[in-house]
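Visitor: I'd like a close look at one part of this protein, please. Could you take me through it slowly and then show me how it sits in the whole?

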Amino acid sequence: MAIVWPTELDVDGCVGAGREVEVPRPDCPGCRQPMPFWGWYERDVRASAEVIHRLSVRRARCCERTHALLPGFVTWGRLDAVEVIGGAVERMCGGVGMRRVAEGLGLKHTTVRDWRRRFAWRAELLAVGFSRFCVAIGDLAPRLSGRPEVVAVAAATAAWVAARRRFGDGVGALWRLASAVVGGHLLSTNTDPPWAAA
């Protein structure tokens, strides 16, 4: 399971810090006690088409389960940073063609196509979850209409606006918050995001 922790660090800053990066100790989702750290693992993350970084990811363990503690820019099961993926999905849902988005990022169109397909496949679930997030933090559920993937982007944006109104600028960027709300599973093959805030 993944737990996303908010950070102002970008990919370069986190990679540069290596295993010296300060990861907050989360509470166990099961028993709500602080979890002990349980080593590290290495994974790749790409913030641009030219460079793939090797990132150290902290683990924690409790209740006989191990959790990956992902920095806010990482999304579960995807190589690219969440801002890259989210921005691409947002542009495609706004009408920009898949190949144009891929060319602008310097990535294969098949990669970008997969993001679009996975987002569209999960769009209704994401739209409902982000709308519930708005209500959970004391805001109104957004009024949404249109194609499911467009509605999901609008719901994510509404959740971000509601979070900024409630908690201030510290909530971070739109797609980092969206990833945190779904526990890093924005585009994963997991059909049931953990909805960290719901």
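**A closer look, from loop to helices**

Guide: Let's begin in the loop that joins α1 (11-17) to β2 (37-48), where R32 is found. Please keep in mind that this is a predicted model. R32 has a phi near 65°, a positive value in a residue that is not glycine. For context, most residues other than glycine have a negative phi. R32 counts as exposed, because its relative accessibility is 58% and the cut-off for exposed is over 50%.

A second residue belongs in this part of the tour. E64 sits in the loop between β3 (51-62) and β4 (65-71), and its phi, near 60°, is also positive in a residue other than glycine. With a relative accessibility of 72%, E64 counts as exposed.

The protein has six helices and four strands. Read from the N terminus, its elements follow the order β-α-β-β-β-α-α-α-α-α. Its radius of gyration is 17 Å, close to the 16 Å that the globule rule gives for 198 residues, so the protein is as compact as a globular protein of that length. Along the principal axes, the C-alpha atoms fill a box of roughly 45 × 40 × 30 Å. Of the 198 residues, 45% are buried. Among contacts with a separation of 6 or more, 58% are between residues 24 or more positions apart. The exposed surface comes to about 10200 Å², with carbon and sulfur atoms supplying 51% of it.

G94 and E149 are 55 residues apart in sequence, yet their C-alpha atoms are 9.8 Å apart in space. G94 lies in the loop between α2 and α3 (98-105), and at 65% relative accessibility it counts as exposed. E149 is in helix α5 and counts as buried, with a relative accessibility of 11%. Setting aside neighbours within four places in sequence, E149 is in contact with C93, R116, F119, A120 and A123.

On the α5 side, the contact is made by V153, A156, T157, A159, W160 and A163; on the α6 side, by L174, W175, L177 and A178. By class, the residues of this contact divide into nine nonpolar, one polar and no charged.

Helix α6 also has a contact with α2. Helix α2 (residues 82-93) and helix α6 (residues 174-181) pack at an angle of about 105°, with their axes 8 Å apart; α2 and α6 are therefore roughly perpendicular to each other. Here V82, E83, G86, G87 and E90 of α2 meet L174, W175, R176 and S179 of α6. The make-up of this contact is three nonpolar, three polar and three charged residues.

Terms used
Residues numbered from 1 in each chain as written. Predicted model: local features only at pLDDT ≥ 70, side-chain atom pairs only at ≥ 80, totals over all residues. Heavy atoms only, no water. Axes fitted to C-alpha atoms, helices over the stretch in contact; angles between N-to-C directions. Helix = DSSP H or I, 4+ residues; strand = E, 2+ residues; numbered from the N terminus. Parallel < 35°, antiparallel > 145°, perpendicular 65-115°, else oblique. Contact = heavy atoms within 4.5 Å. Nonpolar A, V, L, I, M, F, W, Y, C, P; charged D, E, K, R; others polar. Rg over C-alpha atoms; globule rule 2.2 N^0.38 Å. Buried < 20%, exposed > 50% of the residue type's maximum accessible area, 1.4 Å probe, protein only. Areas by Shrake-Rupley, 256 points an atom, 1.4 Å probe, with all protein chains shown as cover.
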